[in-house]
Amino acid sequence: MFFPLFLLLAGGVFLFKGAQFLVHGGSVIGLRLKIPPAVIGLTVVAFGTSAPEFFLSLSAALTGAPALSLGNVLGSNIANVLLILGCAAVAGSVIVPRSTLVRDLPIVIAATILVALLANDRWYSLSASNVLSFRDGLLFLGLFSVFIYTLLVEKGMDGMHLIQHFRFRHAYRVSLIGAHSIPKALLEVCVSVFALWFGAAAFVRALTDLGTLWQVPEVMLGLTVAALGTSLPELATTLVATWRKEGDIAVGNIVGSVIFNTLFVLGAVSLVRPMPWPLTLNTDLAVLGAALALVVVMLWHGRKRREFSRGEGVVLILGYVAYAALLFGRFAS
């Protein structure tokens with residue numbers, strides 16, 4: 001009992017610090033090589049915030065726990081939309097840029113619908129198996145590439161505007177503090193990759209052991225413990241941005257993380273190994289869809305300023321509490 005809990009804690013620490021080291025070291029390398037800041041923001045920094053979800057999902061898939069991998073991605077998205085956005089709204093003013101509202105948020109909704117359509121093959125053929133296949137992974141990564149290319153073309157390859165649009169400015173600024181030489185930065189990147197992989201492997205091992213010990217389904221652990229653990233970088237970045245009166249960065253970081261989780265993480269993991277889709281995850285997809293609909297209603301409900309109030313933040317947090325209660329009810333039954 002003690003050893004799995006120790007692995008869980010150690011894995012979470014390695015995932016969190018590994019993501020920080022990856023962002024810092026990779027950004028320093030890009031800076032020293034005079035790579036455009038926009039490219040750095042959309043690659044190193046953006047990937048760094050989703051690195052815990054990616055490494056944990058990949059490790060779970062390779063060790064034969066695809067339900068844990070899928071639950072991690074879906075649970076992280078729900079936590080981003082309800083819990084982290086709610087905490088940001090309670091912590092301070094959160095104003096949503098128009099570009100996020102009219103383009104990024106619809107992309108999140110469309111990507112969620114696409115997951116439902118591709119994962120539920122039996123909706124079209126009773127003889128088929130519900131699975132995210134290699135072909136589905138290619139489609140996800142293709143759409144992700146189009147999304148990144150569109151942003152690069154629109155904002156330009158040689159300025160900070162793209163980073164500001166994608167809301168990784170705070171993480172990028174922090175990553176350049178104490179910039180050092182390329183060899184040291186390369187060493188930091190190597191250490192970060194090792195820390196992320198070790199943390200992911202320890203986290204997955206701990207969750208599978210605890211699942212066996214407590215008789216909890218892997219998908220349930222992915223939706224709860226794994227999702228909350230890998231969402232810590234997003235929570236930290238979002239709260240710091242809110243406290244610094246950069247509420248637009250907070251919202252963009254959340255939306256950007258959901259896009260990365262859905263299109264990049266699911267796509268990449270599906271290429272490595274087909275992911276059988278448990279029917280129970282359709283309920284969680286519906287919860288995510290309802291959460292996104294609630295966010296849209298809050299933003300469009302007769303308001304000139306696209307801003308979340310503290311009261312609405314409380315509603316979002318209570319929504320996550322209700323979702324957690326729903327999960328507990330499903331497990332208890």
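User: What is the accessible surface of the chain, and what share of it belongs to carbon and sulfur atoms?
Analyst: The model is a predicted one. Its chain has 13 helices and 4 strands. The accessible surface of the chain comes to about 14200 Å², and the share belonging to carbon and sulfur atoms is 72%.

User: Which elements give two or more residues to the nonpolar patch, and which of them gives the largest share?
Analyst: The patch covers about 490 Å² and is made by Leu-9, Val-13, Phe-14, Phe-194 and Phe-198. Two elements each supply two or more of these residues: α1 (2-32) and α8 (182-214). The largest share, 3 residues, comes from α1.

User: Is Phe-198 buried, partly exposed or exposed?
Analyst: Phe-198 lies in helix α8 and belongs to the nonpolar patch. Its relative accessibility is 36%. Buried requires under 20% and exposed over 50%, so Phe-198 counts as partly exposed.

User: Is Asn-77 buried or exposed?
Analyst: Asn-77 sits in helix α3, which spans residues 66-91. The cut-off for a buried residue is under 20% relative accessible area. Asn-77 has 2%, so the residue is buried.

User: Which residues does Asn-77 touch, leaving out those up to four places away in sequence?
Analyst: Contact here means heavy atoms within 4.5 Å. With residues up to four places away in sequence not counted, Asn-77 touches Ser-257, Val-258, Asn-261, Thr-262 and Leu-288.

User: What percentage of the contacts with a separation of 6 or more is between residues 24 or more positions apart?
Analyst: The chain has 333 residues, of which 53% count as buried. Among its contacts with a separation of 6 or more, the part from residues 24 or more positions apart is 82%.

Technical notes. Residues are numbered from 1 along each chain as its sequence is written. This is a predicted model: local features need pLDDT of at least 70, side-chain atom pairs count only at pLDDT 80 or more; totals for chains, interfaces and linings use all residues. Side-chain values use heavy atoms; hydrogens and water are left out. Buried means under 20% relative accessible area, exposed over 50%, partly exposed in between (1.4 Å probe, protein chains only). Accessible areas come from the Shrake-Rupley method with a 1.4 Å probe; for residues, only the protein chains shown count as cover. Patches are made of residues with over 30% relative accessible area and no salt bridge: like charges are joined within 9 Å, nonpolar side chains (Val, Leu, Ile, Met, Phe, Trp, Tyr) within 5 Å. A salt bridge is a side-chain nitrogen of Lys or Arg within 4 Å of a carboxyl oxygen of Asp or Glu.
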